Amino acid sequence: MEDENSMDVVSYGSVNVDNICYVNRFPKTGETVHADKFETGFGGKGANQCVAAARLGASAALVAKVGNDNWGADYLKKLRSENVNVDYVKQCAGLPTGFAQITVSKEGNNQIIIVKGANAELNRADVRTAKHLFEKSKILLCQLETPIEGTLAALHSFKGISILNAAPALKDMPVDLIKAASILCVNETEAALITKRVDITDVQQAESAAKELLDMGAKCVIITLGAKGAIYADNTENFQCTHIAANKVGTVVDTTGAGDSFLGALAYHMTKHSKMDMKSHITFACRAAAFSIQSPGTQSSFPFASDMKSFDK
């Protein structure tokens with residue numbers, strides 16, 4: 001029987017209810033536009049990444065907080081249906097479950113506004129409560145949608161491989177956060193903000209940003225680049241970046257959650273294929289992200305193991 005405190009993947013982070021509007025184009029300042037469709041779904045980077053790993057076959061647990069409301073109760077049911085361990089997901093009295101307002105354009109791009117709700121209460125005490133989970137599990141996923149103090153405690157307490165998805169990005173990223181994780185994963189926008197660049201538009205610029213993040217104390221860095229794939233570099237003596245191309249897809253429907261699909265798949269692959277190199281792990285994660293952007297919604301677009309077997313390599 002599997003030890004309930006020993007998981008392939010632990011995700012410490014946020015839980016949000018997603019309200020998604022699909023529009024022809026984003027409104028300008030002060031403008032009202034009509035949406036073609038409206039959907040409500042389950043999101044939050046912490047929960048998303050956990051579900052993404054579980055769908056592929058990882059044993060996965062979530063450490064998080066939801067409101068003591070109908071949304072919180074419904075979310076717990078949803079997580080259980082996805083085979084996610086929710087022993088350390090607490091319902092908070094007097095607080096709403098986190099909320100995200102998402103607008104998706106016809107090109108599949110998105111704009112997101114988040115209301116923290118119960119996510120704001122996730123803290124060091126929750127790390128202590130889940131002590132055995134942090135000591136015995138293989139991969140930890142953390143993000144920045146919950147208070148930093150708790151995230152740092154989670155990263156410092158974890159005994160296995162930790163991955164920090166520095167999203168939403170912080171303009172003045174604490175060096176302690178950068179140094180604490182085994183792997184720092186950001187997209188091009190987040191990498192530009194942390195390294196104080198105007199933007200990152202190509203692989204060469206991403207490689208330069210990765211070098212700077214390593215100089216800031218990161219142990220290894222992954223920068224995801226959307227349609228351009230991803231790059232990877234670690235702090236070995238001779239700096240070298242590896243570029244992994246993205247999978248070509250027919251139609252991009254919705255990019256919401258693609259990064260979370262990537263990270264959940266990365267964590268899954270690292271636990272199940274630990275002898276493979278990082279390029280192989282990232283290649284698999286890129287495939288999962290490519291699969292997800294071809295369907296609407298967030299968690300609903302994440303692939304199962306059977307999808308990955310049939311998806312064009």
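What follows is a short chat about how some residues of this predicted model get their labels.

Colleague: What should I know about the model before we start?

Modeller: The model is predicted, so local features need pLDDT of at least 70 and side-chain atom pairs pLDDT 80 or more, while totals for chains, interfaces and linings use all residues. Residues are numbered from 1 along each chain, and side-chain values use heavy atoms, without hydrogens and water.

Colleague: Why is Asp260 called buried?

Modeller: Buried means under 20% relative accessible area, exposed over 50%, and partly exposed in between (1.4 Å probe, protein chains only). Asp260 has 4% relative accessibility, so Asp260 counts as buried.

Colleague: And why does Gly259 count as partly exposed?

Modeller: Gly259 has 40% relative accessibility, so the label is partly exposed.

Colleague: Which residues is Asp260 in contact with, leaving aside its neighbours within four places in sequence?

Modeller: Lys45, Asn48, Gln49, Ala52, Asn165 and Phe302; contact means heavy atoms within 4.5 Å.

Colleague: Where does the "active site" label on Asp260 come from?

Modeller: From an unreviewed UniProt entry, and such annotations may be inferred rather than shown by experiment.

Colleague: What makes Leu225 buried?

Modeller: Its relative accessible area is 5%, so Leu225 is buried. Leu225 is found in the loop between strand 11 (220-224) and strand 12 (230-234).

How values were computed: Helices (H or I, at least four residues) and strands (E, at least two) are DSSP runs, numbered from the N terminus.
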